[in-house]
Amino acid sequence: MSRSRVPEPLSVAELLHFGPLAKAQVFAADDLDRQVAAVALVAELDQIHQCEPHSAVVLHGAAALGAWALESALRLAWERNAACLLAPAEITVTTPTAQLAERLRVPLFVVADPARSALELAAAISDTEAARARLTARCAVLFGERATARDIVGVINTEVPGVITALVTDDGHVLAGRSAADRSQGSHRVEVAVPGPDGRPWATLVAQLAAWSPSWVETVRTILRLARAPLAATVGRAWLTPVFQAAKEKLLLHTLLTAPDATVERQARDVGWRLDGEHIAVFLKPSERVPGPAEVATPGVVVAWRESFGDLPLIPREDGWLSWWTAVPGGPAEIATRVHDHLAAAALPIPLVAGIGVPGKDLPGLTRSISEAILAAAVASRPGGNPVEQFGDLGPRAVLACLPVDDIAAAARVALVDLINAPDAEVLLTALTALLDCAGSTGQAATRLGVHRNTVLGRLERIRARGIDLDSPDQRLALHLACYALLSADTPT
Amino acid sequence: MTITQITAEDIPVLLAGAQLLCSSAGSIALDGYRTAIEEVLRRNGPVPLVALDDLPPDALCVSIGALGGFAPMIELPPNGDEGVLAVRALEERLGRKVDAIVSLNSAGPNAVFPVASAAALGLPLVDCDGMGRVLPLMIQTTYALAGLPIGPLAGVGLAGDVLVLDSSEHRSELLLRAAMKAAGGWLLCASYPATVAALRPAALRGATSRALTVGRMLTTADDREALLAGLTRIMGSRVLGSGRVIELGHATRTVGPRIYPSVPTSIVVGEYGSAGRLIRLEGHSELLLAVIDGAVAAAVPDVLCLLDRHELKVVGMESVGLGHHVDVLVLPVSPMWHTPAGLAMAGPRAFGFPVRHPREEEA
């Protein structure tokens, strides 16, 4: 910090918030960003004509005779471009006078002792550094007393005059404060990066300044920096709470589904879960292969879910999150639409897919619906799946989706090595699958493949030549699965 | 039309016109009092109204005017003979007969006392006065401004007390006020005895006939625009603004010694429309200062008055209420009042408002 710099004058707002005007009654407080260059104690209205521009005009004596004199003084102060006007408390400021002050945009303060206020103002504007240090100290004290990010950013917005502040994530989401702060562009902007509780970059404190001066910017930046540590602490608390709650619910759900008794059911009802009626389960699952355990995304997923569906529970399970609707008129189709919209629109930490179960009654039905939703979600997470799959549409085919396809494919490549090494392996594999699908009917297989039956017969001969026996019942199931696995696996055959 | 005499029928008209020059002081009805004056005129016949220049220069004139409150006037109306007692007492003190009556101020009730006195004395009334409006002190006159002495003077109280006083102007005012209180609340005075020649530079001409003309307009008006246009034509009046009374208060203080027998009052008129200006009117028993959005727009000695927009009547400070729809008028007074001496005697500073009169700003 350069000590040789001359500090810029304090603004009216600074004098109000931490200076001699703190106890004054305030009128027309919309325009407090003007700087106060001087103080003028005025006993005659005519003296206002001689005031320097940007003065704080303090009325006393004959200049403060009543409402009319105050209004005349407001007018003269406006003509002289005064920073603000102070009047003694003997004058009752009624609505018309306050309206005039607002119309002229002259901030008006009513103080008990004008002469004393004038002295204090003069002292404050002659030592701006001390005044700003007091502001900084005051903010630091208040930061320590606030527990949420919103309250901490609120301290800056209410205490630091002429500054609007917001806490903004990298993608522009406003976490706390006034979003207007983030919309400002250009030089009247101060930014301070705020780390999360883990020390990694988390968000940015953005402040928009109404008045710009190097020393004022420095003051604001200091205050923003002071807010960083308390903000990080609040984030830690905010992140722990949903994680803790999710862990509790996870345990409760597990007990409910595996060993339900009256106590567990009561506990479940106590946390707001609905156990009676027609349930439709929904299972959310990370799409494809999201690196790392999905649990770290739990707070973000739960918060997004609550924003969309209010108090509907979302309980973490292995590899996903579970919820259920009860007594929904539109059934699974309606829920599929809503979940689809949610996945498309919500701010999710990782891409998700969803599976939806078939309606089931009471706790047993819910347990079944949950299993179905998990299977459907497995299908949805596979390559080529829809983001939202309904078990009702999939039926037992969902079972296939749960097989370790890559493992089977790897085994098949060994077991069927002759077939795979054939020059026309792909043609033969497709024909084999069609024949198995059609229970060995060459006619039906020809229709499905779009070729002549003789062609199918020819391919069947070549398949047999590679050592594959379609007629052996103990081989057919394994062969069928192997074909599907080879066709579904990511890696080329 | 030249008015040459005043009859009993003219009294209500004269009172209506005189009301306009009261600067919104005392709009209460003085029915008993009016009846007494009309009775005097019926008994003695019409009063000739003469111009100052129609009289010989050495003719002796005295000013008739009352000081005191409205309430005592209502409680104890005059019988009409008070002027006779006062003039006779003064004649005795001066040692010569009075030739004509002039008005102290042809505004409010004081517009008709000289008529009654002239009728009872069988003397002509001179068409002039010494204020052109209402002012609270008897020494705030153009007569005094031109150097005429207020005394010797004679005052008559309600119970027939007769008082002859010969003192300096300021002591006369103090003594008269003390005597007025002791006498029951008001005193009719015959003061400023002067010849026509001495009155010529001091008097405001045509005061009574102007009050009659305006009174006729006010008593017959049924069209606001026409009335305002008429007032502008006759009085040079100007509408400062029109709106609704949004605040009434008594919070105003003034500087200097409290010489005025009245309480400070404040009226705020908000102009129509969302961007309407704020007209703050400050007064004692009459309106003295108009401040529009903080700028002094008009001030005593010019006449400020409120006109009810619907009933087309002058609104007095006693009857004005919140929500009243009014036009705020300013009626300029004679240029004599706008001289530095005139403003020193009856300008805003004389009433404790430390501001310049708008005419001073122009100068």
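A polar contact is a pair of N or O atoms within 3.5 Å; within protein, one must be able to donate a hydrogen and the other to accept it, and residues adjacent in sequence count only if both atoms are side-chain atoms. The side chain of B:Ser242 makes such a contact with the side chain of B:Arg309, at 3.4 Å. This is a predicted model: local features need pLDDT of at least 70, side-chain atom pairs count only at pLDDT 80 or more, and totals for chains, interfaces and linings use all residues. Residues are numbered from 1 along each chain as its sequence is written, chains are lettered from A and ligands numbered from 1 in the order in which they are written, and side-chain values use heavy atoms, leaving out hydrogens and water.

**B:Ser242**
- B:Ser242 lies in strand E11 (residues 238–249) of chain B; strands (E, at least two residues) and helices (H or I, at least four) are DSSP runs, numbered from the N terminus.
- B:Ser242 is buried, with a relative accessible area of 15% (buried means under 20%, with a 1.4 Å probe and protein chains only).
- A polar contact of 2.5 Å also links its side chain to that of B:Asp327.
- Not counting residues up to four places away in sequence, B:Ser242 touches residues including B:Arg224, B:Gly270 and B:Tyr272 (contact means heavy atoms within 4.5 Å).

**Sheet in chain A**
- Five strands form an open sheet of mixed pairing, in the order E1-E5-E4-E3-E2 (two strands pair if DSSP finds at least two bridges between them).
- Strands E1 (25–27) and E2 (38–42) of chain A stand at the edges with a single partner strand each, so one side of each has no neighbour in the sheet.
- E1(A) runs antiparallel to strand E5 (residues 108–111) of chain A, joined by 3 bridges.
- A:Phe27 has A:Leu108 as its bridge partner in E5(A).

Key
Buried means under 20% relative accessible area, exposed over 50%, partly exposed in between (1.4 Å probe, protein chains only).
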